[in-house]
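I opened a new page for this structure. These are my notes on what I looked up.

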Amino acid sequence: MKDHLYFIDLNKTDILDKTYRYKQILESVFVNGKIDFKDISNIPRDLRERLRDVSEIVNLKEETREVSVDGTVKFLFRLHDGAFIESVFLVDINSNVTFCISTQVGCRMGCVFCRTGTMGLVRNLTSYEILSQIIYIYSYMFNECDIKDRLFNIVFMGMGEGLDNFDNLVDTIKLIVKKEHFGLSPSRITVSTCGLADMITRFSFIYPNVRIAVSLNSPIQEKRASIMPVSNKYPIDKLASVLKEIYQRTRNRITLEYVLIKDYNMSDEDIKALSIFNSDAFHINLIPLNHSDENVKRPEENDITSFMSKLEKKGFCVTRRYRRGADIKADCGQLCTEFKK
Ligand code: SAH
Ligand code: SF4
C-alpha cells in the first residue's frame with residue numbers, strides 16, 4: 001500500500017492532465033463513494049491506471065466484516081504497516097446513521113473497564129488513516145446499503161483517545177467539514193474523551209460546534225481515579241470547571257457518558273456527588289457496562305432503570321444508550337485488535 005501521495009493532494013502535482021479532473025475525482029469519492037480509481041469511469045482509463053500507481057483513495061484494506069443481527073457492521077481494517085483497527089457502522093431505530101471511528105491503534109489511558117485499554121498504545125493514526133475509515137464506510141453506505149440521503153454522523157468513539165492524537169484529529173475534522181469533501185456540519189461530529197481537560201479547552205476553541213462527550217463514569221475523585229488513571233492528572237473539580245467554562249463560551253451542550261458498573265457507581269452517594277454536573281451544560285448518557293470480568297460487572301436491568309429514574313427525579317437530563325452490535329463485539333469499549341495480528 002502507498003502512503004506517500006494522498007488523493008486529496010493530487011491537485012498539488014502535475015499528474016492530472018486537466019484542471020477539472022481533480023473536481024471529478026473528489027465528486028466520485030465524496031458523493032458517489034468510489035474507493036478505487038479504476039471505478040471512476042468519467043476519467044480516461046490510462047489516467048486511472050497512472051493514478052493507481054502513484055496514489056490511492058483509502059490507505060487501509062478491509063480484512064473482515066461482521067454484521068450484527070441489529071444491522072450494525074464492524075469492519076476490521078489492515079493498515080499499511082500491518083496494524084489493525086476497527087470501525088463501526090450503526091443505524092439506530094430512527095434510521096440515523098453513525099460511523100464510529102478509531103483514532104489510535106490501542107490506547108494508553110488504561111481505563112480498567114475498556115478492552116481497547118488493555119492493548120496499550122501501539123501508535124497514533126494519521127489524519128489520512130482516520131479519514132480513510134470514513135470514506136470507506138461512506139462507500140459501504142452509499143453503494144452497498146442503499147442509503148442515499150448522504151447524511152451521517154461521526155463519533156470518534158472507536159479505538160483510542162482522539163484528544164491524545166490531537167493534531168491528527170483536528171486535521172481530519174478539517175478535511176471532513178470541507179465543502180469540496182463531505183461538507184459535514186460540525187454539529188454532526190462528536191469527539192469522545194476520557195477527560196483530558198486542557199486538550200478539551202484547546203479543541204473547543206478550534207471547533208466550538210463539534211460536540212464533546214466526556215467519559216465521566218464516576219463523580220467521586222478517588223473512585224474515578226481507580227478506574228480511570230487520567231483522573232489523577234485531571235481531577236473531577238478541574239474537569240467540571242473546564243467543561244462549564246466551555247459551555248458558557250460555546251453554548252454547546254456537553255454529553256457525560258456514564259458507564260454503569262454494578263455495585264460501583266450507582267449508589268445514592270454517587271447521585272449526590274453528581275450534583276456538580278446538574279446544570280443545563282450537561283446531558284448524561286448512561287451506558288450499562290458491556291462486559292463483565294472479575295473486576296467490573298454489568299448491573300441488573302432493574303438497577304439500571306431505578307438509577308435512571310432517580311437521576312430524572314433530581315432534574316438531570318438523562319438518556320440511556322442501547323446496545324448495538326453486541327453479538328459481534330461492536331459495542332462501546334469492545335473494540336480490540338491485539339489478538340488479530
Ligand atoms: N477514548 C474515548 C473514546 C473511546 S471509548 C473515551 O474514553 O471517551 C468510547 C466509549 O466507550 C466511552 O464512553 C467509554 O466510557 C465507553 N466504554 C469503554 N469501555 C466500556 C464498556 N466495557 N462498556 C460500556 N462502555 C464502555
Ligand atoms: Fe482509552 Fe477511551 Fe478505552 Fe479509556 S475508555 S482506555 S480512554 S479508549
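I count two strands as paired if DSSP finds at least two bridges between them. Helices (H or I, at least four residues) and strands (E, at least two) are DSSP runs, numbered from the N terminus. The model is predicted, so local features need pLDDT of at least 70 and side-chain atom pairs count only at pLDDT 80 or more, while totals for chains, interfaces and linings use all residues. Residues are numbered from 1 along each chain as its sequence is written, chains are lettered from A and ligands numbered from 1 in the order in which they are written, and side-chain values use heavy atoms, with hydrogens and water left out.

**Entry: strand E4**

I began with strand E3 (residues 84-91), which runs antiparallel to E4 and is joined to E4 by four bridges. Val 88 has Cys 100 in E4 as its bridge partner. Five residues lie between the two strands of this hairpin, and Ser 95 takes a positive phi near 70°.

Which strand pairs with E4 in the parallel sense? I found strand E7 (residues 153-156), with three bridges. Here Phe 99 has Ile 154 in E7 as its bridge partner.

Next I checked the side chains of E4 (residues 97-100). Val 97 and Phe 99 point one way, Thr 98 and Cys 100 the other, and all are buried. Buried means under 20% relative accessible area, exposed over 50%, and partly exposed in between (1.4 Å probe, protein chains only). In a regular strand the side chains alternate between the two faces of the sheet.

**Entry: cysteines**

How many disulfides does the structure hold? I found zero. A disulfide is a pair of cysteine sulfur atoms within 2.5 Å. The sulfur of Cys 145 is 16 Å from the closest cysteine sulfur, in Cys 100, which is too far for a bond. Cys 145 is partly exposed, at 24% relative accessible area. Cys 114 is buried, at 19%.

**Entry: ligand 2**

I listed the residues around ligand 2 (a heavy atom within 4 Å). They are Cys 107, Met 109, Cys 111, Cys 114, Gly 117, Gly 160, Glu 161 and Cys 194.

**Entry: Lys 238**

Lys 238 sits in helix H8 (residues 236-250). Is Lys 238 buried or partly exposed? I noted partly exposed, with a relative accessible area of 36%. Lys 238 touches Ala 197 and Asp 198, not counting residues up to four places away in sequence. Contact means heavy atoms within 4.5 Å. Gly 195 is 43 residues from Lys 238 in sequence and 10.0 Å away in space, C-alpha to C-alpha.
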